[in-house]
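Trainee: Could we walk through this structure together? I would like to learn how to read it step by step.

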Amino acid sequence: MTENSNEKNTRTAFGVKILSSQHKEIRHLKRHEDAPSIHGNKFWGSSYLLMDFLQNNPPAEGYKVLELGCGWGLAGIHCAKFYQSNVIAVDADGAVFPYLQLHAKHNDVTIETWEQRFEDIDPQQLADIDMIIASDVCFWDELAEALYQLIKRACKAGVSRIVVTDPERPPFFDLANRCMDEFYGELFQWDVDEPRRASGCLLLIENA
Ligand SMILES: C[S@@+](CC[C@H](N)C(=O)[O-])C[C@H]1O[C@@H](n2cnc3c(N)ncnc32)[C@H](O)[C@@H]1O
């Protein structure tokens with residue numbers, strides 16, 4: 001799943017090129033841009049769980065994919081690169097986008113971004129979305145409620161698949177339990193060993 005790249009301070013994970021914190025372009029951003037302030041300051045382990053799921057359950061080519069709480073956007077970049085997805089990456093914190101766009105550039109993909117809170121994504125924006133993905137976005141109680149309401153809007157709007165991974169934080173289980181009751185969601189234990197060990201849970205909603 002992972003390999004060291006010949007290029008200095010880079011590696012690949014699930015086929016996506018990742019720049020390390022020592023890479024000169026990351027160091028440049030850290031010096032010249034605002035720092036992300038809602039934990040979107042790196043790639044989190046749950047994004048590896050999400051890419052592992054996607055690799056084993058690839059979306060149809062050309063799907064319109066919304067990545068919620070994208071941070072640096074690794075899973076969305078994976079979708080754009082390998083499944084030709086049209087990806088929109090959403091985050092409340094605009095400071096994450098320079099890091100996302102830097103990685104998009106290095107992976108030769110284009111990602112649209114929306115600086116928006118979960119609470120403010122409306123049904124019209126969800127109308128032509130095929131799949132929603134998210135990793136490690138449910139870490140406060142109020143996020144569980146905001147995400148539940150967003151998933152409810154998404155199911156109503158006809159989004160066909162929703163996948164959320166998490167390192168098993170309590171608010172995520174609140175969200176997952178509600179989604180299993182209301183939207184026939186399924187909860188799976190999910191682990192990966194490479195490129196680093198990550199474990200957690202995966203919530204899958206098939207809204208067909
Ligand atoms: C722990 S990071 C995870 C980032 C990325 N998904 C990953 O796995 O590497 C959580 C992300 O959710 C974003 N976020 C937190 N609350 C949000 C909200 N209410 N609406 C939209 N994004 C939010 C943060 O800015 C941050 O980028």
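This is a predicted model: local features need pLDDT of at least 70, side-chain atom pairs count only at pLDDT 80 or more; totals for chains, interfaces and linings use all residues.

Trainee: How many residues of the shell around the ligand are nonpolar, polar and charged?

Mentor: The ligand is surrounded by 22 residues, and the closest are Ile38, Gly40, Gly69, Gly71 and Ala92. Helices H2 and H6 (141-157) each supply at least two residues of this shell. Sorted by class, the shell has 11 nonpolar, seven polar and four charged residues.

Trainee: Are H2 and H3 roughly parallel or roughly antiparallel to each other?

Mentor: Helix H2 spans residues 46-56 and helix H3 residues 74-82; they pack at an angle of about 25°, with their axes 9 Å apart. Angles under 35 degrees count as roughly parallel. H2 and H3 are therefore roughly parallel.

Trainee: Which residues make the contact of H2 with H3?

Mentor: The two helices cross in a right-handed way. H2 brings Ser47, Leu50, Met51 and Leu54 to the contact, while H3 brings Leu74, Ala75, His78 and Cys79.

Trainee: Why is H2 largely enclosed by the rest of the structure?

Mentor: Among the buried residues of H2 are Tyr48, Leu49 and Phe53. Their cover includes H3 and strands such as E2 (10-13), E7 (131-135) and E8 (161-166). H2 is largely enclosed because the number of its 11 residues that are buried is nine.

Note on methods: Residues are numbered from 1 along each chain as its sequence is written. Axes are lines fitted to C-alpha atoms, for helices over the stretch in contact, and angles run from 0 to 180 degrees between N-to-C directions. Helices (H or I, at least four residues) and strands (E, at least two) are DSSP runs, numbered from the N terminus. Angles under 35 degrees count as roughly parallel, over 145 as roughly antiparallel, 65 to 115 as roughly perpendicular and the rest as oblique. A crossing is left-handed if the near helix is turned anticlockwise from the far one by less than a right angle, and right-handed if clockwise. Two residues are in contact if their C-beta atoms, placed from the backbone, lie within 7 Å. A residue is buried if 20 or more other C-beta atoms lie within 10 Å of its own, exposed if 12 or fewer, and partly exposed in between; C-beta atoms are placed from the backbone. A residue is near a molecule or strand if its C-beta atom, placed from the backbone, lies within 6 Å of it. Ala, Val, Leu, Ile, Met, Phe, Trp, Tyr, Cys and Pro count as nonpolar, Asp, Glu, Lys and Arg as charged, and the others, Gly among them, as polar.
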